[in-house]
Amino acid sequence: ARITLRQLLDHAAERGYGVPAFNVNNMEQVIAIMEAAAATDSPVILQASRGARSYAGDVMLAKMIEAAEITYPGIPICLHQDHGNDEGTCLSAIQHGYTSVMMDGSLKADAKTPADYDYNVGITKHVTDMAHRVGVSVEGELGVLGSLETGMGEAEDGHGAEGALSHDQLLTDPDQAVQFVKATKVDALAVAMGTSHGAYKFSRKPDGAILAMNVIRAINERMPALHMVMHGSSSVPQDLQEEFNKYGGKMPQTWGVPIEEILVGIKHGVRKVNIDTDCRLAMAAAIRKVGHEKPSEFDPRQFMKPALAALRDLCKQRFEAFGTAGQA
Ligand code: G3H
Ligand code: 13P
Ligand code: NA
Ligand code: ZN
């Protein structure tokens, strides 16, 4: 059954759990996540980026989710647009059956230039006004995702006239967050607290100096009923890095967001946890392994089956760790 983000996160808040939001681009990812959800009795958030929509095609993607719904009638599914960049992206997602959209107004529509507060409020409010009329939820984002180690914001190189971005610029301001939620009526808010997208988040195991969990605590104190979203929340597990490198991959040593820090977030109002990199890494390592161990193999299914299994195991672990398991 299809549910909205609001319905799912309200339930998660009531019961004190978090929901991983996994990115999907193809059939194997959809199947892997649904098998993990069914095995652990978890509700799911399947999210598609603009890149996913153009990779698979809107109809193909939407019909795959419909197939997942028919195959697993007992699993609540929220289909979410990840990082919508303008009204058109959000509206066309709604036309294709998405029950939730992210209007990421922290960046201009080119998805590269940081936006000012007024632009962000204006475009986000416009999307919530429209989406709420048709019962669709909206996630907004306030703050610049980026590294507190380097001062690099994601949308720019961080080296403007004044040099790298300051900590204050890279973190969501809790008081501004209160204004933003009130003005836009978003159902969930993505916050900036030191994480960034991709595999290379931290050059060491993160501590409070580079992963600012205090921002989440401060926002939660001001808005205990708010559903927060952590982007860039792959853990980039050491064993997956090793597995990937063992079969010819080249990933320099890196650190992601430790599960125990995500659990601190969930304790303080984080309800949606975005994970893409871990899923990619699990599948890519499994594909590399087949390529390495069976050089004569050319049936794509023999590559995809272990990749699907690796993703399924990863998703099961996250459902169990975040308390999503048993909540479907
Ligand atoms: O936010 C980024 C997600 O990992 C999606 O990445 O735009 O390459 O599909 P993508
Ligand atoms: P990761 O790159 O850490 O998996 O983050 C994914 C994300 O935030 C998608 O919106
Ligand atoms: Na999102
Ligand atoms: Zn993101």
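**Reading the ligand shells and helices of a predicted model**

Mentor: In this predicted model, the shell around ligand 1 has one nonpolar, five polar and two charged residues.

Trainee: Which residues surround ligand 1, and which elements give two or more residues to the shell?

Mentor: Ligand 1 is surrounded by Asn23, Ser49, Gly51, Ala52, Asp82, His83, His197 and Asp276. The elements that give two or more residues to this shell are α3, residues 50–56, and β3, residues 77–84.

Trainee: Which residues come nearest to ligand 2?

Mentor: Of the 14 residues around ligand 2, His231, Ser234, Asn274, Asp276 and Thr277 come nearest.

Trainee: Why is Arg312 called buried?

Mentor: A residue is buried if 20 or more other C-beta atoms lie within 10 Å of its own; Arg312 has 22 C-beta neighbours inside 10 Å, and therefore counts as buried. Arg312 has its place in helix α13 and, leaving aside its neighbours within four places in sequence, is in contact with Ala32, Glu35 and Ala36. Arg312 and Glu28 are 284 residues apart in sequence and 9.7 Å apart in space, C-alpha to C-alpha.

Trainee: How do you know that the buried residues of α11 line one face of the helix?

Mentor: The buried residues of α11, which runs over residues 259–267, are Glu261, Ile262, Gly265 and Ile266. Seen down the axis of α11, these residues fall within an arc of 150°, so they line one face. What covers them includes α9, β7, β8 and α13.

Trainee: What describes the packing of two helices, and what are the values for α6 and α8?

Mentor: Two packed helices are described by the angle between their axes and the distance between the axes. For α6, residues 117–133, and α8, residues 174–184, the axes come within 9 Å and cross at roughly 35°. The contact is made by Tyr117, Val121, Thr124, Lys125 and Thr128 of α6 together with Gln176, Phe180, Ala183 and Thr184 of α8, and by class it has four nonpolar, four polar and one charged residues.

How values were computed: Residues are numbered from 1 along each chain as its sequence is written. Chains are lettered from A and ligands numbered from 1 in the order in which they are written. This is a predicted model: local features need pLDDT of at least 70, side-chain atom pairs count only at pLDDT 80 or more; totals for chains, interfaces and linings use all residues. A residue is near a molecule or strand if its C-beta atom, placed from the backbone, lies within 6 Å of it. Helices (H or I, at least four residues) and strands (E, at least two) are DSSP runs, numbered from the N terminus. Ala, Val, Leu, Ile, Met, Phe, Trp, Tyr, Cys and Pro count as nonpolar, Asp, Glu, Lys and Arg as charged, and the others, Gly among them, as polar. Axes are lines fitted to C-alpha atoms, for helices over the stretch in contact, and angles run from 0 to 180 degrees between N-to-C directions. Two residues are in contact if their C-beta atoms, placed from the backbone, lie within 7 Å. A residue is buried if 20 or more other C-beta atoms lie within 10 Å of its own, exposed if 12 or fewer, and partly exposed in between; C-beta atoms are placed from the backbone. The arc is that of the directions from the helix axis to the C-beta atoms.
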